[in-house]
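Thank you all for coming; I would like to take a few minutes to go through one model with you.

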Amino acid sequence: MELTTWLTYVGVIAALIAFPGPVALLCMHHGLRHGRQRALATVIGGAMASLVLMGLSSLGLGAILATSELAFMLLKGLGAAYLIYLGIQAWRAPVTTSPTETPSASSVQAGRTGRLELFRRGFTVGISNPKDLLFFGALFPGFIDLGAPQLPQFAILSLTWLAIDLTTMSSYATMGSGIGRWFHSPRRVKLFNRTTGSLFIAAGGTLAASHR
């Protein structure tokens with residue numbers, strides 16, 4: 001792979017990943033509610049979803065999503081419904097904190113949601129993200145030279161994506177965990193839950209109404 005191609009790829013995906021979207025919001029939300037370490041399961045779930053989309057793209061299946069209106073609309077609809085579901089859950093989330101304990105450190109919250117569930121949520125939001133679907137379906141194959149061995153190229157592109165994705169989403173989770181000290185009162189926790197819940201619902205509604 002040529003250096004210029006790789007640098008172009010880095011620039012494109014860095015902007016794509018860093019732009020706040022549903023996965024970034026979810027990582028920040030889980031960072032505050034469950035702590036940075038537990039929220040890493042969400043980060044990894046989103047990254048694994050990207051790897052699955054990469055694999056589908058390399059097999060040519062990503063092009064189906066990029067060209068098939070029905071397949072794209074179906075996956076988009078499922079993603080929108082799940083975001084709205086997460087928003088409703090956030091609105092209804094119980095307030096379990098105390099003056100000496102932030103939500104991110106709460107053992108009650110930690111016990112309520114396991115790492116596997118956090119991973120599943122991150123994966124589900126990531127796999128239905130139209131921004132990533134279109135990138136892997138339409139743009140990602142353009143960075144692979146069909147005249148050269150494809151496996152080494154795929155490995156380089158995948159590892160590059162993972163490095164940037166994990167670093168960026170971990171930063172969002174850390175940001176969410178870091179503001180936990182501002183949420184010592186149940187009123188603030190309730191406000192945070194309803195704010196993020198509204199954002200999830202808004203993101204789901206926007207996704208449902210969006211076009212390619």
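Let me begin with a convention: a crossing is called left-handed if the near helix is turned anticlockwise from the far one by less than a right angle, and right-handed if clockwise. Helices here are DSSP runs of H or I with at least four residues, strands are runs of E with at least two, and both are numbered from the N terminus. This is a predicted model, in which local features need pLDDT of at least 70 and side-chain atom pairs count only at pLDDT 80 or more, while totals for chains, interfaces and linings use all residues. Residues are numbered from 1 along each chain as its sequence is written, and side-chain values use heavy atoms, with hydrogens and water left out.

Overall, the protein has ten helices and zero strands. Of its 212 residues, 42% count as buried, where buried means under 20% relative accessible area, exposed means over 50%, and partly exposed lies in between, with a 1.4 Å probe and protein chains only.

Now to one helix pair. The axes of α2 (residues 22–34) and α3 (residues 36–58) come within 7 Å and cross at roughly 150°, the axes being lines fitted to C-alpha atoms over the stretch in contact, with angles from 0 to 180 degrees between N-to-C directions. That crossing makes α2 roughly antiparallel to α3, since angles over 145 degrees count as roughly antiparallel, under 35 as roughly parallel, 65 to 115 as roughly perpendicular and the rest as oblique. The crossing of α2 past α3 is right-handed.

Which residues of α2 and α3 meet? From α2 there are Leu26, Cys27, His30, Gly31 and His34, and they meet Arg36, Arg38, Ala39, Thr42 and Val43 of α3, with contact taken as heavy atoms within 4.5 Å.

Arg38, which sits in helix α3, is buried, at a relative accessible area of 13%. Its C-alpha atom is separated by 7.9 Å from that of Leu118, although Arg38 and Leu118 are 80 residues apart along the chain.

Finally, the rings: Phe119 and Phe123 form a stacked aromatic pair, 6.4 Å centre to centre with 20° between the planes. Rings of Phe, Tyr and Trp (its six-membered ring) pair if their centres lie within 6.5 Å, and planes under 30 degrees apart count as stacked, over 60 as edge-to-face and the rest as tilted. Phe119 and Phe123 are four residues apart in helix α7 (residues 115–127), and therefore separated by about one helical turn. Phe119 is partly exposed at 27% relative accessibility, and Phe123 is partly exposed at 26%.
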